[in-house]
Amino acid sequence: MEYYSLKMRASQQVGEGKQKHEQHISGAERIVGRDSVEAVCTAMVRRAMNHSKGDPDFINVKIEKVHENDIRILKALPVTRFDVDTWQEGLDKAFGLITPLMGSGCGLREKLQELLRVTFPMRGAMLYDISTGERLEPDHERGVRATYMDALHSSEVDGCKNHFNEAIVLATKVANAPGMVAEFCVSDDPNYVTGYVASKELGYVRIMKMKEMGDENGGRIFLFDSRKASAEECIEYLQKKKVLVDVSASHPGTK
Ligand code: WAQ
Ligand code: MG
């Protein structure tokens, strides 16, 4: 089978004079069979043209052939769901699951909370080394982005975003990165308050409220251990390796 990677990003010009810059509106990526390329491309453009963040001035669609031998197939992380009454309780639960993986030491919860705040303006994720306490992204403002991934056999050409479906694919790719310890995620979509923590050991743990409704602050932290792999190796995998995730057994409602 022949595969193609499709990537779309859309932006809008904002500001005047020297302040003028491109603001990101929407992005999507897929890896699909040759037969779906055209339909998926159309759906991506539709998604860009109908985004709540605004009308795009610029849409970039990139289509690249991918060799089947270069694709790694991964089984989706098992999903569990954790209901909470308040977002404070949700955050507390998330920190409680993650901190034991960061080793022993006090103040880890406060540290994570501080790191999360730093991710708010970033487009990608923070890559944090739990062994040294250093940030390993080459560009701190942007962060690292996991890319070249999709659900296996996904023929869906839907124009709108399904948070869970996209997140389980990303989280599965990330959890399998060399040296990866865990991931922590809160959406930056003001109307989407569900977040998750994930790792090979924890699986994908959905936490139904992790922020206040209307809050547009979100971010991702990739917790990495430089004693287990090199940062270069990990970043290379996240940004270059093609991954298809078998989500056939994944369901967002699993308790
Ligand atoms: N690689 C690295 N970081 C990313 C990527 C990527 N490909 N895409 C987004 N981020 C970062 C970026 O800083 C965003 O601000 C932040 O993550 C949140 O991204 O089970 O929608 O796309 O229902 O807003 C979780 C679903 C949805 C939970 C998460 O994230 C569930 C979501 P968003
Ligand atoms: Mg978002």
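Two exercises with worked solutions follow, on a predicted model.

Local features need pLDDT of at least 70 and side-chain atom pairs count only at pLDDT 80 or more, while totals for chains, interfaces and linings use all residues. Residues are numbered from 1 along each chain as its sequence is written, and side-chain values use heavy atoms, with hydrogens and water left out.

**Exercise 1.** State how many disulfides the model has, and examine Cys 234.

*Solution.*
1. A disulfide is taken as a pair of cysteine sulfur atoms within 2.5 Å.
2. For Cys 234 the closest cysteine sulfur, in Cys 185, lies 16 Å away, so the pair is too far apart for a bond.
3. The count is zero disulfides.
4. Cys 234 is buried, at 0% relative accessibility, whereas Cys 106 is exposed, at 79% relative accessible area. Buried means under 20% relative accessible area, exposed over 50%, and partly exposed in between (1.4 Å probe, protein chains only).

**Exercise 2.** Describe the interface between domain 1 and domain 2.

*Solution.*
1. The domain assignment, automatic or from a database, gives domain 1 (3–66) and domain 2 (74–246).
2. The contact (heavy atoms within 4.5 Å) takes 14 residues from domain 1 and 16 residues from domain 2.
3. About 1300 Å² is buried between the domains, 48% of it from carbon and sulfur atoms. This area is the accessible area (1.4 Å probe) that the two parts lose on being put together, summed over both.
4. Two salt bridges are counted between the domains, each a side-chain nitrogen of Lys or Arg within 4 Å of a carboxyl oxygen of Asp or Glu. Arg 47 forms a salt bridge with Glu 166, with the closest N and O atoms 3.1 Å apart.

Note on methods: Chains lettered and ligands numbered in written order.
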